[in-house]
Amino acid sequence: MLGAWLTGCASLPSDVDRPVSTALAHPEQTRIGLAVQQRAAKAGTRNDSGFALVNSAELAFTSRMALIKAAQKTLDIQYYAIHADETTERMFDAMRAAAARGVRIRILLDDFNTAGKNAQVLKLAFEPGIALRLFNPLPGNRRSLFFRMLGSLKDADRLQRRMHNKIFVADNAVAITGGRNLGETYFGQAEGTNFIDADVLAAGRIARELSRSFDQYWNNPLAYPVQSLMTEAEIEAIKPPPAQPAAPQAAADPAQVADGSTVQPSPGKTSPAAGVRTTTAPDGTVSVIEPLPDSTNLALLDWTWAPSVLLVDKPSKIAADADDVEQAQDTTVDGLLQLMAQARGELLIVSPYFVPGRRMMDQLAAIRQKGVRIRVLTNSLASNDAPAAHVGYARYRKELLALGIEIYEMRAEQESTLTNLGSTGSTGSAGGSRASLHSKIVVLDNRLLVVGSMNLDLRSQLQNTEVALLIHSAKLANETTRLIEPSMARGAYRVELVDGQLIWRAPQGSGLTDTRTEPDASIGLKLMLKLIGPFAPEEML
């Protein structure tokens with residue numbers, strides 16, 4: 001009855017005014033665009049696109065800040081989720097300054113994560129020079145995601161279809177895309193769990209293609225200006241009360257602070273530096289979260305010029321029937337699977353949510369029949385921030401192993417040296433010690449690299465829109481493999497099938513023992529796996 005009442009009261013507006021706008025026509029007339037041309041000329045390359053890996057949480061933040069500060073004309077920003085926290089507020093301040101100097105800012109945000117505290121992000125729509133639209137919005141009260149979902153049950157199929165794209169473009173000249181959303185948990189600043197993620201900086205022609213994709217979504221009828229959905233006063237009215245400040249804590253004694261995720265204060269230091277936060281785990285371990293730098297010099301990064309292809313879903317995928325999408329076989333994930341079928345020697349897959357489904361299993365089996373080595377790094381039950389997704393993956397785990405596919409499952413508890421994908425040094429901003437894999441990467445034959453927003457699951461294949469960059473570069477492919485392999489060896493369990501039973505081999509040097517049950521997972525999670533595992537529909541996991 002409550003659901004019927006909510007669905008009857010919630011509806012989207014009609015006759016919405018959506019002024020059409022497009023990407024900057026002449027990016028070469030901006031400082032960023034000119035710098036891209038000069039760098040390409042210096043490299044003496046025939047390739048029209050340049051790339052640099054963004055494999056650390058710190059660089060992920062500072063590179064975006066650098067683009068905001070360098071932009072002269074436009075910023076186009078498209079994300080599945082933008083959280084309201086200290087890291088994004090620093091970005092918003094930089095955006096306000098950019099808008100004040102005349103930069104046109106367009107922000108396109110999927111509407112699924114805009115309830116509760118995160119609804120405050122929508123205030124940006126009322127800032128001068130900033131336009132914010134919500135894609136595929138959910139009608140109803142934004143105080144609670146639960147009640148918004150309840151109010152959308154009459155249109156459950158559309159509720160499941162989300163814009164999962166992640167694009168950040170400055171002056172139509174340099175872009176960032178990959179797995180990260182915007183928020184402290186994606187930038188190594190959360191006090192609990194932080195995501196291990198990866199992005200790529202892209203310059204030149206491929207950045208312009210990303211902008212054209214952005215324009216398709218921005219001008220689509222499913223993109224609603226925030227002002228058509230709610231007022232600034234309504235957003236302010238649901239602002240949660242400020243959190244009570246924690247009581248000051250005495251500085252940790254260096255002699256009592258353990259190694260690992262914990263950063264030891266310098267000798268003689270009596271209190272944390274300005275901006276530094278300390279957190280204490282239940283076992284008494286003290287972690288120090290250092291503030292992120294404000295920017296980085298992108299010109300100093302190791303840029304590689306290479307042929308590339310953009311794989312991106314059309315916005316119409318959101319409104320299409322699921323059966324039509326499955327039969328079309330032209331989605332981002334389908335394109336990726338067709339590419340994987342061309343592997344001749346080795347395939348390295350990083351997918352946090354790995355739910356292959358029957359058709360994908362058949363494709364993986366065909367690849368293995370050619371003698372191709374396949375390695376998969378995914379989340380363990382304990383590290384997965386969406387345990388329901390692990391249910392779908394667990395159904396296929398034994399069959400995957402029987403095919404000879406090598407499986408590695410990320411540990412939830414990580415050393416600070418592994419909170420960035422493959423990093424072998426201190427991150428400097430590691431945040432909490434728990435980690436959850438969020439990178440979406442495929443390396444084919446150490447000659448081709450794919451980085452994007454897609455997971456290898458049915459949700460990405462059939463329901464969500466996704467984006468990925470396919471880069472033909474042995475240098476970048478090998479560099480990425482070298483980054484991933486330490487995480488597989490020291491930060492993940494190797495899963496094996498012995499006499500029909502699963503065994504999790506402990507990571508190298510961890511001091512842990514092998515186990516025959518889901519490692520590090522609580523009894524509740526293991527029980528959930530057994531109870532809902534046989535019944536949950538795969539396309540919803």
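User: Contact means heavy atoms within 4.5 Å. Leaving aside its neighbours within four places in sequence, which residues is Arg-411 in contact with?

Analyst: The model is a predicted one, and in it Arg-411 is found in the loop between strand S16 (406-410) and strand S17 (434-437). Once the neighbours within four places in sequence are left aside, the residues in contact with Arg-411 are Ser-383, Ala-435, Gly-491, Ala-492, Tyr-493, Pro-507, Leu-512 and Asp-520.

User: Is Arg-411 buried or exposed?

Analyst: The cut-offs to apply are that a residue under 20% relative accessible area counts as buried, while one over 50% counts as exposed. The relative accessible area of Arg-411 is 15%, and therefore Arg-411 is buried.

User: How far apart in space are Arg-411 and Pro-519, C-alpha to C-alpha?

Analyst: In sequence, Arg-411 and Pro-519 are 108 residues apart. In space, taken from C-alpha to C-alpha, the separation of Arg-411 and Pro-519 is 8.1 Å.

User: What share of the contacts in the chain with a separation of 6 or more comes from residues 24 or more positions apart?

Analyst: The chain has 541 residues, of which 56% count as buried, and its secondary structure comes to 15 helices and 22 strands. Among contacts with a separation of 6 or more, the share that residues 24 or more positions apart account for is 79%.

User: Which residues is Ile-107 in contact with, leaving aside neighbours within four places in sequence?

Analyst: Beyond its neighbours within four places in sequence, Ile-107 is in contact with Ile-77, Ile-82, Met-95, Leu-124, Ile-130, Ala-131, Leu-132, Arg-133 and Trp-218.

User: How many nonpolar residues are in the contact of H12 with H15?

Analyst: Pro-387, Ala-388, His-390, Val-391, Ala-394 and Arg-395 in H12 meet Leu-525, Met-528, Leu-529 and Ile-532 in H15. Of the residues of this contact, 1 is polar and 1 is charged, while the number of nonpolar ones is 8.

Definitions and conventions:
Residues numbered from 1 in each chain as written. Predicted model: local features only at pLDDT ≥ 70, side-chain atom pairs only at ≥ 80, totals over all residues. Heavy atoms only, no water. Helix = DSSP H or I, 4+ residues; strand = E, 2+ residues; numbered from the N terminus. Nonpolar A, V, L, I, M, F, W, Y, C, P; charged D, E, K, R; others polar. Buried < 20%, exposed > 50% of the residue type's maximum accessible area, 1.4 Å probe, protein only.
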